[in-house]
Amino acid sequence: MFEEIIKFAYKYKLSFLADEVYQDNIYEENRKFHSFKSVMKSMGEPYSQMELCSFHSCSKGYMGECGLRGGYVEVINVEQEVFNHLQKMTSAKLCSTILGQCAMDCVVKPPQPGEPSYEQWLQEKTAVLNSLQERARTIYNAYNSMDGIECNPVHGAMYAFPRIKMPQKAIDKAKSLNQEADFFYAMQLLENSGICVVPGSGFGQKPGTYHFRLIHSFMFYTFISYYFIFSFT
């Protein structure tokens, strides 16, 4: 898949903006994270010389320090003049707070084996990732046990994208309001239960299919949302 994307970008002279903030959140043992940088280099020239901007953050991934805003971008194979303009533009903006910068420093330079805090850091990191993995499995099993919902296995990151089978009456009601059916579903869920999900139409989906996005940590509300699927049958 990566190779096809890279070849497509090379053919049409496109640059890469790679969002790689969930590189540590992999829940399947037979899967691993592959950065665009590593794949490009493994393909050799001319692909290894393509322009790439890789983004990472301390507010995502296993760190999840959402209140501590900090991140970085690694700029690769970009002409010096372009990089200079990028640096000027960035320098003219507000930077992260000191606390956010400190958190980012901890992310890119974690404790190493033999250092005093390594064992505690590894224990805490492993516990967080194991918890996210268990939530991913639980939400997958829960959704697929329900009538009217299908969900693919969650292999990484923090989100599930269940597919919902919308009753025709609900679809017709959404059309009468000039709304996408899954947007209508999401709004009904929010207004009736206070549960907030993101309609799949905002991400793009096959015509005639309906989805929503949910964060793992809200899996306890999975069973509640079931009752709203057929509320317009």
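1. How many residues of domain 1 are in contact with how many residues of domain 2? In this model, which is predicted, ten residues of domain 1 touch 14 residues of domain 2. The domain assignment places domain 1 at residues 1-108 and domain 2 at residues 118-215 of the protein chain, and the C-alpha centres of the two domains are 26 Å apart.

2. Lys109 is exposed, because its relative accessible area is 57% and the class begins over 50%. Asp105, by contrast, has a relative accessible area of 37% and so counts as partly exposed.

3. Lys165 also takes part in a salt bridge, in this case with Glu150, and the closest N and O atoms are 3.6 Å apart. Here too the pair links distant parts of the chain: Lys165 lies in the loop between strand E6 (163-164) and helix H6 (168-176), whereas Glu150 lies in strand E4 (residues 149-150), 15 residues apart. Lys165 is partly exposed at 47% relative accessible area, and Glu150 is partly exposed at 39%.

4. Three strands make up an open sheet, in the order E5-E8-E7 and with antiparallel pairing. Strand E5 (159-160) and strand E7 (198-199) each have a single partner strand and stand at the edges, so one side of each is left without a neighbour in the sheet. Between E7 and strand E8 (residues 212-215) the antiparallel pairing runs over two bridges, and Pro199 has Phe212 in E8 as its bridge partner.

5. On the surface, Phe8, Tyr12 and Leu14 form a nonpolar patch, which together has about 320 Å² of accessible area. Leu14 is located in the loop between helix H1 (2-11) and strand E1 (16-19), and this residue counts as partly exposed because its relative accessibility is 40%.

Terms used: Residues are numbered from 1 along each chain as its sequence is written. This is a predicted model: local features need pLDDT of at least 70, side-chain atom pairs count only at pLDDT 80 or more; totals for chains, interfaces and linings use all residues. Side-chain values use heavy atoms; hydrogens and water are left out. Two strands pair if DSSP finds at least two bridges between them. Helices (H or I, at least four residues) and strands (E, at least two) are DSSP runs, numbered from the N terminus. Patches are made of residues with over 30% relative accessible area and no salt bridge: like charges are joined within 9 Å, nonpolar side chains (Val, Leu, Ile, Met, Phe, Trp, Tyr) within 5 Å. Accessible areas come from the Shrake-Rupley method with a 1.4 Å probe; for residues, only the protein chains shown count as cover. A salt bridge is a side-chain nitrogen of Lys or Arg within 4 Å of a carboxyl oxygen of Asp or Glu. Buried means under 20% relative accessible area, exposed over 50%, partly exposed in between (1.4 Å probe, protein chains only). Domain bounds come from an automatic or database domain assignment. Contact means heavy atoms within 4.5 Å.
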